[in-house]
Each structure stands twice: as C-alpha cells, then as structure tokens.
Amino acid sequence: MTDKTKWVVKDPKRKKVFLPSPAMKKRAYFSSTSLYTTAAKNPKKFWGDMAKEAIDWKQKWNKVYEEKPPYFKWFLGGKLNVSYNCLDRHLEKRGNKVAMIWEAEPLGERERKYTYRGLYREVCKFSNVLRKLGVRKGDRVGIYLPMIPETMIVMLACARIGAIHSVVFSAFSGVNFKKRVDDCEAKVLITCDGYWRRNKAINLKSQADIAAKAKSVKKVVVVKRFEGKSPVKVVMKKGRDLWYHELMENASEDSKPVPVESNTPLFLLYTSGTTGKPKGVIHDTGGYLTQAYLTTKLDFDLHDDDVFWCTADVGWITGHTYACYGPLSLGATMVIYEGSPDMPDWGRLWAIADKFDVSVFYTAPTAIRMFKKMGKKWPKRYDLSTLRILGTVGEPIDKETWDWYFDYIGHKRCPVIDTWWQTETGGTLVNALPGIGPFIPTVAGRPFPGTRAAILDDKGQPVKKGETGYLVFKSPFPPGLLRGVWKNPKKYKDTYWGEYGNRTYFTADGAKWYDKHNIRITGRVDDVMKVAGHRLSSAEVEDAITSHPLVIESAVVPKPDEIRGQVPIAFVVLRPGIKESEALGIELVKLVRKVIGPTAKPHKVYFVEGLPKTRSGKIMRRFLRSMLVNEKLGDKTTLQNPQIVDYLKKVVGYKKK
C-alpha cells in the first residue's frame, strides 16, 4: 500500500518553495528556527552540548575550543574511541539490530546482513589481526577496497587500535594508489581479489601490487570477494601477501578499544586537483565524529526505525561520513551496494530501496539526471512508499532535476535536502533541516547550526543579496573541518587560509544569498566565469539550458577571449531520439539570454553524447576547460566513462600543445 502521508506542503506566499508539514514537524528532532538562534549566540557551548550527546567519552575534555590561526582544536584533553562509539555502546540495546545490509551487483548473490553484535565481533577480530601484523597507534593503513562489508570492518578496526586509515577509491589506478601510500607511508595495505562492475570482474589485486612496491609497505591483506573460483588471476607474493579469511579464522574477538585524545588524526583522505600531487586531508577524532553524528541525525531526521542509504562510495568523504561513521554512531541501519546503478537495468536502485524498505535516500544530482534521462518508467515499477526524505550531494542541483526527484522518487511528499559540503569539512555545512525547511529547488539552505558562514567579494567585503561571491566560514570553525594537510603545512595554509587571512576558511566555492538566511551554491571558483567584467557561475547558465524540454543535462565552462576576457561554452546532452540542429543551438542561446541576460549567452554550443563524470556522478568540467585551450588533460582514472574524453577531443578539435 502506498503511503499517502503529506510530508511537505507548498508555501502559499512563494512559488516553488516548500515547507515541512505538521506531520514532519511532529516527527523531526527540531521544528523551530530557535535552534539556529540558540547555536549562534554561543557556538562553542552549542558544540560542547552536542559532543556530550554524540559521544561516550572515556575522559571528558578540559577545554571546549582553542584557536591559534590557522590551526584550531575542539574538546581538548577529551579521550574517546570511534569504534567504541559506533559499536560497543549499542550492544546492550541494539545488539540484535541490523547495522549494515550489503547488496552485491550480481542478482544471484544473496545479500549479507550484519547486526551490531556481529559487526562488533568482526571488527574486534580484524583489529587483533592488525596488531599481529605490527600495526600500532598512529601507524597508517592503506585501504583499497570496493563497496563491500569488509571495507567498513577494516576502517573501524583501524579506529579501534588508534591507527590512521587512508581509503583510496577502488577505481583509481595502482599508480595513483602508490602515490598516496608513498605520501602517508602506510605500513599495511588492505585490498581484495576484485569486484563486480557492470557485470565485469575487476582485478583489483593486480593494481594493489603496484602500490605494494612502496618502501613503507610490510604486509598486504587480501579479501576474497569472489565466491567459488575467482574470475581474475590473483598472484600472492610469499611473505608479504596474506588472505583476510585465513587471518580472521583464529583471531580473537576480545579487543579493547584504544582511547585517543580528541584531536588525534582518525583518517587521511586524499584530494586530487588538476595539477600537483594529491593533498592528504587530515581529519581528527572527536570533532569529526561529533559533526558526523549530529549532521546525520538532524539533516536526515534519522530515527531508530529508519533505513538509511547513502549511495556514495567510501572512497570519498561522503562514504566515510554517511555510509559508515555517521549512521553507525547513531545506531542506525544502513544499506551499501557494490555495483553500478544500471545493472541489470535502470531500476536497480529503486529495486534495492523497495527490497530493504529504505526511508532516507542520499545520492548525487548527476545520478538523478541519469535516472531522469532513462525515464520515469523505472521508478514507477517499484513501491517507494517507505521513502520519507531525499538528499542530494556533490554539486548544485538544477531545478528540472530537483523537480523530477521530488515528483517521481518522492511522489511530491518527501523533502529534498540539498547538502553542500567538502572533503575538507568532514560533514555537511549548508542545507535545510527536515523539520524546519524551507525546501527550495536550486537553493541549498541555511548554514548548519553553530557555524558562521559569510559570502564575500574579491576585496573581502560581504556581498549584497543576489550577488555572487565566495563562500567562507568564520571562527569558531566547524568541529569536522580539516586539521591540516599531511606533511605539508604550507599547502594547508596557502590553499585554505591564504585568500582572506588565517581567521577565514576559504571554501573555493561561489555562492549567493537567496534571502536573509538561505544560500544558493553556484559552484567551484573555477566554475565561475568573468565575462566582460561580470562574474557568472556555470551553474546559472546550466540551469537555464536544462530548463529547455529537449535537454537532459549540460556543462558550461569558460574559454579565454581577447575582448571579453572569457566567454561561456556549452556542452549539451539532448534527450534520446532528439537530433541536434543549428536552430536548436540558436534557441538555447536565446533562452539563456532571456533567463539570465546577454552577458551569459553561450559563445558556442556543442551537442554531445555524454559528459566526463566520476563514478560518484560529478561532471569533471576541468577536462572540458582544458580541451578548449589545448592543455594537458591530466589523470582520467577517476572517470566512470574515460572513453568519452577521446570522443569529446574530436568534437572540439583538441590538439595537445
């Protein structure tokens, strides 16, 4: 039976603005904006109170916050263990509750479910395996695994003994993995024989062997993912490589968690830019877990009876926070899925949501655009009545995609929580809350309670409503914010604190005030163009283009121009069956001119078959920018569709300098 509960209502005063219904307000943890007011009066006290709720402290802190710009600390002197807070403390009340449900890509393979007690046992056992391999508090462990249960087990086992884990996305090449291993000097690597992706067996061990050549690596632990006879050839190096299941067979389940001081690093997560070596972003323990817990709880109104599914891979920060630490710290039930959203067809995600009664669903706008492109027939095949909250992450969401998500996945009753945050922030920092709202297409929402956001111009002055500027955060800084770049303090200072001084965190994202409280994210600074002296965001132009009924998605990037400085260039994907034409290109240019103004009109429109995207769904606009000026394109291993790059080169006439 379909749930007809009306979770959101239209605001009669404003078009396309939605508010929480009485039912939503009643269920939500907070339903009044007084939460923001209270938190703003004393952010340090607010976060201190939240930390008491979020964490079982082995030893309470003696000072809530300390700042020595650009460095800062939260909960100084407090001691805790993340693994204990995600597992042990739930055993008495939730020991038999399902903590994690895993769905394999092959349809014939049965799902695996772990209760909190079962997950606890596995984590304890592997933490003892790590100890036997010589891993100690402060040592680094490299994790190169797909979305399988062992990934979370290994992460939590590292946290249990105070080791620092560094997860690397399984689609990265072995060469890229080795760069990260070399930088953090990992002592042990954890990988697997392989995994399934679009019905193809990926040999991950062969790539891990490249990284295993790093000087720091002593042992490599290999999880046997494939059942029965492996479809890939696995070469085990004697004395170095060890099978996970063999090590676990006789491992003890008795493992005491190691308490660490709140500001001790919990993990490193490497971010890769267009040039230079990856940056090892450092996230601490107490501040990170507090923000992970609270944002998971409030952003998604997560209660004990919910089933939460964040579709992000744990190779990214979204997977760390909302597919591992956040839900488990709350004692929630979460779903993880190994494979591609189109296997065996474009209904797979909705089939999984239906199968496990998912109530909170969190994914990327680019993924939603793909689903929209495939048509509403796929979600219509499944009963999605258990869904009550939808979330988006990764990039600004255009209005048409927001509407489709709201209409066909949420059936016009689920609020869409459009979250803004970064690898560096550790957790969400701008979005609406389910019990408070408002939910506005293309508008992320309010800065999270207890944080101080500002939007500044080039001179560091606050912008007026409607003007685009740079999003920044002021002191006291969010507890989950990065604490440095591994072995590179200069990079930390220059990248995040160099724009407006060391008391202002520079996000490198453009934004504007929609109203007094709510923020619209316009995209990365490098997605902001300066056309004839006017600052223009790619997202604004893309929104205008995708509002055309024949367009499924677009990407707009700047190209240098002698007269205007830069001009917008549009790459447009049309709906299936629609043929490109010069007339349609002219029509789109006119549409942009009408919606935004003459400054924003595209200098050229390329109709293309697809756009370069990461496996998490982000459009990689940097490839398009580089093609237009014939620059070196850089690493393509993060792309889910690397073949599209060669196709696009021909479209634009790319000639590498």
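The model is predicted.

Start with the record. UniProt, in an unreviewed entry, places the feature "domain: Acetyl-coenzyme A synthetase N-terminal" at residues 34–86.

Now find Ser83. It sits in helix H4, which covers residues 82–86. Is Ser83 buried or exposed? Its relative accessibility is 0%, so Ser83 counts as buried; the cut-off for buried is under 20%. What does Ser83 touch, once neighbours within four places in sequence are set aside? The contacts are Asp88, Val123, Leu156, Ala159 and Arg160. With Arg160 there is also a polar contact: the two side chains are joined at 2.9 Å. Lys380 gives a sense of scale. Ser83 and Lys380 are 297 residues apart in sequence, and their C-alpha atoms are 40 Å apart in space.

Next, turn to strand E10, residues 188–192. Five of its five residues are buried, so the rest of the structure largely encloses E10. Follow the side chains along the strand. Val188, Ile190 and Cys192 point one way, while Leu189 and Thr191 point the other way. Both sets are buried.

E10 also has partners. Strand E8, residues 140–143, runs parallel to E10 and is joined to it by three bridges. Within that pairing, Val141 has Val188 as its bridge partner. E10 pairs with E13 too, again in the parallel sense, over five bridges. Here Thr191 stands opposite Val222 of E13.

Finally, look at helix H9, residues 204–211. At its start, a side-chain oxygen of Asn203 comes to within 3.3 Å of the backbone nitrogen of Lys205. Which residues of H9 are buried? They are Leu204, Lys205, Ala208, Asp209 and Ala211. Viewed down the helix axis, these buried residues fall within an arc of 155°, so they line one face of H9. An α-helix has 3.6 residues a turn, so residues three or four places apart point the same way.

Terms used: Residues numbered from 1 in each chain as written. Predicted model: local features only at pLDDT ≥ 70, side-chain atom pairs only at ≥ 80, totals over all residues. Heavy atoms only, no water. Buried < 20%, exposed > 50% of the residue type's maximum accessible area, 1.4 Å probe, protein only. Helix = DSSP H or I, 4+ residues; strand = E, 2+ residues; numbered from the N terminus. Arc of directions from axis to C-beta. Contact = heavy atoms within 4.5 Å. Polar contact = N/O pair within 3.5 Å; in protein donor to acceptor, adjacent residues only side chain to side chain. Pairing = 2+ DSSP bridges. UniProt positions renumbered as here; feature names shortened; annotations may be inferred.
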